[in-house]
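Dear colleague,

I am handing over the model below, and I would be grateful if you could look through it alongside the notes that follow.

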Amino acid sequence: MATARRQPAAKVARKSARAADGTRKPGVRELAAQATREAILRAATKVFAKSGYDGGRIEAISKAAKSYDRMIYYYFGSKEGLFIAVLEDTYRRFNEAEQSLVLDEDQPRRALEQVIRFIWGYYQQHPEFITLLNTENLHRGRHLAKSPKAREYSSPAIGITDRVLRNGMAKGQFRAGLAARDVYLMIAAMAYFYLSNRHTLSSFLGENLEAPAALAHWEAFVIDAVQRAVRA
């Protein structure tokens, strides 16, 4: 009488795991591919942030990623494709960080202050965000314009501001007719300009705009200015 052939315990466990959550677990080769792609993306972010698009050489990126030039072309198609992926990833990480905010929904003024502090803090903690966008603006946004995901990344950021403003208007704390786009641009502009131009402004004004006291003063000024602009 024939007996059923027993499968190795590890194989049975893998099948059980797939059956439990309905998804297929990535294999070793897939995980390695993901790790390679991620390493290239992280290295490219640093190289482009330091050297710009024109100065960001493929050889420097592959060396920093401990990979090979051909892998960059395999995963991203071209230098431009890689730069677009870097910009997309930069926006994605910003949105994910912002969406993790726990806002005080019952106090709209406090919630708006939290949004302002987040944007101001994120720009300082991630200087590559500013330098990469400066580079893309020098190229008149021609790379980001080719990204099908660009508009996807603007909605969540503005959506959080919109939710805070609507709540404040409903409670009578913010004036009617406020557009989230306008308030978001006001916050981003005041934070971005200060940090993007801090070196030249420090020379122009004769003071160190990177000093802790100067940074704290500007944060407080932005919060006050925005709160005054939206106040009912």
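Among contacts in the protein chain between residues at least 6 apart in sequence, what percentage join residues at least 24 apart? The figure is 68%, where a contact means heavy atoms within 4.5 Å.

Please keep in mind that this is a predicted model, in which local features need pLDDT of at least 70 and side-chain atom pairs count only at pLDDT 80 or more, while totals for chains, interfaces and linings use all residues. Residues are numbered from 1 along each chain as its sequence is written, and side-chain values use heavy atoms, with hydrogens and water left out.

On confidence, the mean pLDDT (the predictor's confidence in each residue, from 0 to 100) of the protein chain is 88, and 89% of its residues reach 70 or more. The mean is lowest in helix α1 (residues 9-21), at 46, and highest in helix α11 (residues 212-230), at 97. Over residues 1-20 the pLDDT is below 50, and this stretch has 6 contacts in the model beyond near neighbours in sequence. Where pLDDT is low, the predicted coordinates should not be read in detail.

As for the overall make-up, the protein chain has 11 helices and 0 strands, these being DSSP runs numbered from the N terminus (helices H or I, at least four residues; strands E, at least two). Of the 232 residues in the protein chain, 38% are buried, where buried means under 20% relative accessible area, exposed over 50% and partly exposed in between, with a 1.4 Å probe and protein chains only. The chain exposes about 14100 Å², of which carbon and sulfur atoms supply 54%, the areas coming from the Shrake-Rupley method with a 1.4 Å probe.

Helix α8 (residues 150-170) packs against helix α9 (residues 180-196) at an angle of about 110 degrees, with the axes 9 Å apart, which makes α8 roughly perpendicular to α9 (65 to 115 degrees; under 35 counts as roughly parallel, over 145 as roughly antiparallel and the rest as oblique). Here Ala157, Ile158, Thr161, Asp162 and Leu165 in α8 meet Ala180, Arg181, Val183 and Tyr184 in α9.

Helix α6 (residues 108-125) also packs with α8, at about 160 degrees and with the axes 9 Å apart, so α6 is roughly antiparallel to α8. Pro108, Ala111, Leu112 and Val115 of α6 make this contact with Ile160, Thr161, Val164, Asn167 and Gly168 of α8.

The residues in contact include Thr45 and Phe48 of α2 and Val86 and Arg93 of α5.

Glutamate 128 lies in helix α7 (residues 127-138) and is buried, with a relative accessible area of 19%. Leaving aside neighbours within four places in sequence, glutamate 128 is in contact with Thr45, Ala49 and Arg93.

Methionine 169, in helix α8, counts as partly exposed at 26% relative accessibility. Not counting residues up to four places away in sequence, methionine 169 touches Phe174, Arg175, Ala176, Gly177 and Leu178. The C-alpha atoms of methionine 169 and valine 230 are separated by 9.2 Å, although these residues are 61 apart along the chain.

With best regards

Note on methods. Axes are lines fitted to C-alpha atoms, for helices over the stretch in contact, and angles run from 0 to 180 degrees between N-to-C directions.
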